[in-house]
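Here are my notes on the model, as numbered points. Please read them with the structure open.

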Amino acid sequence: MTNPFAWIRPEPHGIHVVPADCWIDPSQPVANALVTHGHADHARGGHGRTVATPATLAIMELRYQTRAGAMPVEYGETIRLPGEVDVTYVPAGHVLGSAQIVLEHAGERVVVTGDYKRRPDPTCPPFEVVPCDVFVTEATFGLPVFCHPPIEHEVGKLLKALTDHPDRCVLVGAYALGKAQRVIAELRRAGHLEPIYLHGAMERMCRLYEEFDVALGELRLVGDAKKDELRGHIVVSPPSALNDRWSRRLPDPITAMASGWMRVRQRARQQNVELPLVISDHADWGELTRTIEEVNPAESWITHGREEALLRWCQLHQRRARALALVGYEDEDD
Ligand SMILES: [Zn+2]
Ligand SMILES: [Zn+2]
């Protein structure tokens, strides 16, 4: 092919790797899928063959009850696809198993980040900078207003609420894949060794993390505990359970929510969140722009969020960039 990068084509339902007839994070079932990580907007069921890291495949199996067509690839291992496309999965630092996909063909290298962050996370290996020609980057928090505080600061707020109110419990809303385990692991790192209570919907994903050697300390189920036992303890539930009937079984809970969107006061108010915790598994504005500088690609393709501001930043910094219009990426994982 004569056009540079003509072999990789952004289509509305995914990025098409033409010579290999593979799709990256396709939003529809396809014959051959390359999946960056287990969040539902990236990892859908029903593909003929799915190439992903072992942890991502285990997460998909937990969610879709099938391993059919699973093809594991370890971080750093290169596999050759039909059409002479070499593929390497590299850590993205987003959630357990998350990867950037590095594609090489005809002397050109394309990196697709999937979702990523640059902050340390005890539940997954850190993002690796891979120089490339085309860098396909997410932009979930692609506005200068988004500057995530250090996680120690947010975990400190959570622990202070707990000690200030020994007769209550703190109920933390956190996404079941990634955020919940990161919050728990960070609480352990901060020296909180008490049992942490889980909503039943979080249990299997936490166990899966433990099977992949992420230590989460003592976890108990809310369903097995008496109301008084929960006083002075942390309870973790999916965000959807914060305001539903389930939470009535808790002793006077202080409602917290761990999300990058908690930076936006209105969002916290809408969800009746008393204690907003700005904890995100996505790169903030500073991380997005620093990463483009470090990767230093010939072209950046921006997707998955607020493309316009990052596009403008690239133009102001004399960097070639374009916004992709992919559909179907609704974050469950902010
Ligand atoms: Zn994600
Ligand atoms: Zn995503």
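1. Start with serine 300. This is a predicted model, and it places serine 300 in strand β18. Is serine 300 buried or exposed? It is buried, because its relative accessible area is 1%, and the cut-off for buried is under 20%.

2. Next, the surroundings of serine 300. Leaving out residues up to four places away in sequence, serine 300 touches Phe135, Ile292, Arg320, Ala321 and Arg322.

3. Now the metal site. Which residues coordinate the zinc ion (ligand 2)? The donors are His42 through NE2, Asp115 through OD and His304 through NE2. The distances run from 2.1 to 2.3 Å. Along the sequence, the donor spacing reads H-x72-D-x188-H.

4. Aspartate 115 sits in the loop between β10 (108–112) and β11 (134–139). Histidine 304 belongs to strand β18 (residues 299–305).

5. Last, helix α1, residues 54–64. Its buried residues are Ala55, Thr56, Leu57, Ala58, Ile59, Met60 and Leu62. They pack against strands β5 (49–52) and β6 (70–72), and against helix α4 (203–211). In an α-helix, residues three or four places apart point the same way, because there are 3.6 residues a turn.

6. Check the end of α1 too. Glutamine 65 follows α1, and its phi is positive, near 60 degrees.

Technical notes:
Residues are numbered from 1 along each chain as its sequence is written. Chains are lettered from A and ligands numbered from 1 in the order in which they are written. This is a predicted model: local features need pLDDT of at least 70, side-chain atom pairs count only at pLDDT 80 or more; totals for chains, interfaces and linings use all residues. Side-chain values use heavy atoms; hydrogens and water are left out. Donors are N, O and S atoms within 2.8 Å of the metal (3.2 Å for Na, K and Ca); water is not among the atoms, so sites may look incomplete. Helices (H or I, at least four residues) and strands (E, at least two) are DSSP runs, numbered from the N terminus. Buried means under 20% relative accessible area, exposed over 50%, partly exposed in between (1.4 Å probe, protein chains only). Contact means heavy atoms within 4.5 Å.
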